[in-house]
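Here's a quick tour of one protein chain, going from the overall picture down to a single side chain. Keep the viewer open while you read.

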Amino acid sequence: MSGRAVADGGEDTRKTGTQTLERGLDLLELAAHEPMTLAELTERSGLPKGVAYRLVTALAGRGFVSPAGNGRFRGGPALLRLSHRAGEQTDITGIARPHLQALSERTGLSAFLGRRDGDHSLHLLRTQGSERVAVTTQPGTRRLLPETGMGKALMLDDGEAEWRRLLALVDAAHRPAEVLEALHKAARADVVLQHGPAPDHIHSVAAPVRDGTGRVVAAINVAAAAQYMGEAQMAELVPLVRQAAAELGQALGRS
């Protein structure tokens with residue numbers, strides 16, 4: 001009997017500890033999303049005020065929440081440090097590979113992942129489609145941002161002043177008269193329809209990938225020679241590329 005009592009007590013302790021952890025994480029997520037008072041945290045979490053007070057005090061003591069003025073609490077420095085370290089340790093290519101492979105299977109086209117490297121895009125990953133004539137840009141390739149659809153997706157949040165600076169870096173073929181209008185349209189839609197210049201005439205559909213903070217951390221695209229990717233096909237590809245970018249963002253912590 002005594003052995004059974006000890007086992008039951010241990011199980012109850014584990015359940016209580018798990019419940020406390022879950023409640024603390026609920027409060028942390030609420031405070032990290034937007035600053036809230038203790039009363040607001042109590043109401044939104046559904047916890048008794050005394051429990052919420054003890055948990056918020058414990059979180060504040062470890063630096064996971066901090067005062068934000070007017071009696072509110074927000075995410076604290078310890079949370080920021082953990083976020084930064086997690087970002088440094090994230091293998092985005094490993095996380096992205098199944099998403100790109102699925103996109104290639106859905107579209108039949110090669111799909112690409114890239115990130116920003118100053119004023120350039122850096123290709124990180126390519127998954128092969130089933131097209132007869134494929135775009136074969138290899139990982140490690142660097143291009144000035146305005147030269148490609150992927151690069152433009154990486155610069156969508158920069159704003160017009162920065163767009164003008166970046167456009168001044170590229171050959172005139174990559175900055176047609178309507179390019180600023182197209183960038184504004186792309187920023188509103190969160191997707192880039194790229195019509196590449198001669199001699200290659202590579203068309204692509206690209207979308208930014210955003211992490212849990214909403215920051216653009218990468219971009220994905222599908223690309224093909226113009227004769228294999230007309231306007232109608234580009235329109236059909238838009239929701240597929242946006243969905244793949246959103247799913248990858250979710251895997252990186254995007255709500």
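Two strands count as paired here if DSSP finds at least two bridges between them. Bear in mind, too, that this is a predicted model.

## The overall picture

The protein chain has nine helices and nine strands. Its radius of gyration is 24 Å, well over the 18 Å that the globule rule gives for 255 residues, so the chain is more spread out than a compact globule.

Buried residues make up 40% of the 255 residues. As for the surface, the chain exposes about 14200 Å², with carbon and sulfur atoms supplying 52% of that area.

## Strand β5 and its partners

Now zoom in on β5, residues 120–127. This strand is mostly covered, with six of its eight residues buried. β5 pairs with β4 in the antiparallel sense over seven bridges, and F112 stands opposite R126 in β5. β4 and β5 make a hairpin with two residues between them. In that turn, G118 has a positive phi of about 65°.

β5 also has bridges to β6, residues 142–144: three of them join the two strands, which run antiparallel. Here H120 stands opposite L144 in β6.

## A closer look at H123

What does H123 touch, leaving out residues up to four places away in sequence? The list is F112, L113, G114, T137, Q138, P139, G140, T141 and M150.

Helix α7 covers residues 160–167, and its buried residues are W163, L166 and L167. Seen down the axis of α7, these buried residues fall within an arc of 95°, so they line one face of the helix. In general, an α-helix has 3.6 residues a turn, so residues three or four places apart point the same way.

What do the buried residues of α7 pack against? They pack against β4 (111–117) and α8 (179–189). That brings us back to β4, the strand that pairs with β5 over seven bridges.

Technical notes. Residues are numbered from 1 along each chain as its sequence is written. This is a predicted model: local features need pLDDT of at least 70, side-chain atom pairs count only at pLDDT 80 or more; totals for chains, interfaces and linings use all residues. Side-chain values use heavy atoms; hydrogens and water are left out. Buried means under 20% relative accessible area, exposed over 50%, partly exposed in between (1.4 Å probe, protein chains only). Helices (H or I, at least four residues) and strands (E, at least two) are DSSP runs, numbered from the N terminus. The arc is that of the directions from the helix axis to the C-beta atoms. Contact means heavy atoms within 4.5 Å. The radius of gyration is taken over C-alpha atoms; the globule rule is 2.2 Å times the number of residues to the power 0.38. Accessible areas come from the Shrake-Rupley method with a 1.4 Å probe; for residues, only the protein chains shown count as cover.
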